[in-house]
Amino acid sequence: MSGQGDTVQGADGLPRCPWGAGPEDYSAYHDQEWGRPVHGDNALFERLSLEAFQSGLSWLTILRRREGFRTAFAGFDIAVVAGFTDTDRERLLQDAGIIRNRAKIDATLSNARVLAGWQQGELDALIWSFAPTAGSPPAALGDVPASTAASGALAKELKRRGLRFVGPTTAYAAMQACGLVNDHLADCAFRNPRP
């Protein structure tokens, strides 16, 4: 997510992280989802998968295809995706509603098969065990890291347990997306949203 400087005023007059004041897709994601706690194995599998698909692309590209991804990957239901066949794989490679990257599709299918062998709640517990202690809020985008020691450790553990396409940067993006860290800028109105 790119941008420069401190918060900017959105169309509604509220200060936001610069990337969150952009297109409506970004604003809605920034305001309602990013940095908020996400729990549940399937929900976390979705976030890990989408962050992997985003690698090398704009997050806006993924957001605009999110419903296509959800349809193509059966709502990211781990048990269902783990049972996908070669026919499903070929279908995914032809699906214009998603990013048709062979390596990323194969990693998602492989990850589902690995996760299907885990106990219910195990992915959730593992990911959240890497939540760092909250630090000072970033004042500017330049203060937000691309990866951290915690995301490196999470990536290492996920890889050790058989997951693919989960490097430290992807792991950190997932940590941001799932609320393990709150990288909304200090002056952002959505850093500490009202219930």
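Visitor: What do the buried residues of H10 pack against?

Guide: They pack against helix H1 (24-32), H2 and helix H9 (149-160). Keep in mind that this is a predicted model, where local features need pLDDT of at least 70, side-chain atom pairs count only at pLDDT 80 or more, and totals for chains, interfaces and linings use all residues. Residues are numbered from 1 along each chain as its sequence is written, and side-chain values use heavy atoms, with hydrogens and water left out.

Visitor: How many residues of H10 are buried?

Guide: Eight of the 10 residues in helix H10 (residues 168-177) are buried. Buried means under 20% relative accessible area, exposed means over 50%, and partly exposed is in between (1.4 Å probe, protein chains only). Helices (H or I, at least four residues) and strands (E, at least two) are DSSP runs, numbered from the N terminus.

Visitor: Which ones are buried in H10?

Guide: Thr170, Ala171, Tyr172, Ala173, Ala174, Met175, Gln176 and Ala177. Just after H10, glycine 179 has a positive phi of about 80°.

Visitor: At what angle do H9 and H10 cross?

Guide: Roughly 110°, and their axes come within 8 Å. That makes H9 roughly perpendicular to H10. Axes are lines fitted to C-alpha atoms, for helices over the stretch in contact, and angles run from 0 to 180 degrees between N-to-C directions. Under 35 degrees counts as roughly parallel, over 145 as roughly antiparallel, 65 to 115 as roughly perpendicular and the rest as oblique.

Visitor: Which residues make the contact of H9 and H10?

Guide: From H9, Ala150, Ser151, Gly152, Leu154 and Ala155; from H10, Pro168, Ala171, Tyr172 and Met175. Contact means heavy atoms within 4.5 Å. The residues in the contact of H9 with H10 are seven nonpolar, two polar and no charged. Ala, Val, Leu, Ile, Met, Phe, Trp, Tyr, Cys and Pro count as nonpolar, Asp, Glu, Lys and Arg as charged, and the others, Gly among them, as polar.

Visitor: And H2 with H10: what's the angle?

Guide: About 130°, with the axes 9 Å apart. H2 and H10 are therefore oblique to each other. Their crossing is right-handed. A crossing is left-handed if the near helix is turned anticlockwise from the far one by less than a right angle, and right-handed if clockwise. Leu48, Glu51 and Ala52 of H2 meet Thr170, Ala173, Ala174 and Ala177 of H10. By class, this contact of H2 with H10 has five nonpolar, one polar and one charged residues.

Visitor: New topic. How do H6 and H7 pack?

Guide: Helix H6 (residues 86-94) and helix H7 (residues 102-116) have axes 10 Å apart, at an angle of about 140°. H6 and H7 are therefore oblique. The crossing of H6 past H7 is right-handed. Arg89, Leu92 and Leu93 in H6 touch Arg102, Ile105, Asp106 and Leu109 in H7. The contact of H6 with H7 has four nonpolar, no polar and three charged residues.

Visitor: Where is glutamate 46?

Guide: In helix H2 (residues 41-54). Glutamate 46 counts as buried because its relative accessibility is 6%. Not counting residues up to four places away in sequence, glutamate 46 touches Arg66, Arg70 and Phe76.

Visitor: Tell me about that Phe. Where does phenylalanine 76 lie?

Guide: In the loop between H4 and helix H5 (78-82). Phenylalanine 76 has a positive phi of about 60°, although it is not a glycine. At 0% relative accessibility, phenylalanine 76 is buried.

Visitor: What about phenylalanine 165: where is it found?

Guide: In the loop between H9 and H10. Phi of phenylalanine 165 is near 60°, a positive value in a residue other than glycine. Phenylalanine 165 counts as partly exposed, at 33% relative accessibility.

Visitor: Which residues in the largest nonpolar core touch the most other members?

Guide: Phe45, Phe69, Phe73, Leu92, Leu123 and Leu158, of 55 residues in that core. A nonpolar core is a set of buried Ala, Val, Leu, Ile, Met, Phe, Trp, Tyr and Cys residues joined through side-chain atoms within 4.5 Å. Leaving aside neighbours within four places in sequence, phenylalanine 69 is in contact with Leu50, Phe53, Ile62, Phe76, Gly97, Ile98 and Ile99.

Visitor: Last one. Which residues of H1 are buried?

Guide: Tyr26, Ser27, Tyr29, His30 and Asp31. Their cover includes E2, H2, helix H3 (59-63), helix H4 (66-72) and H10.
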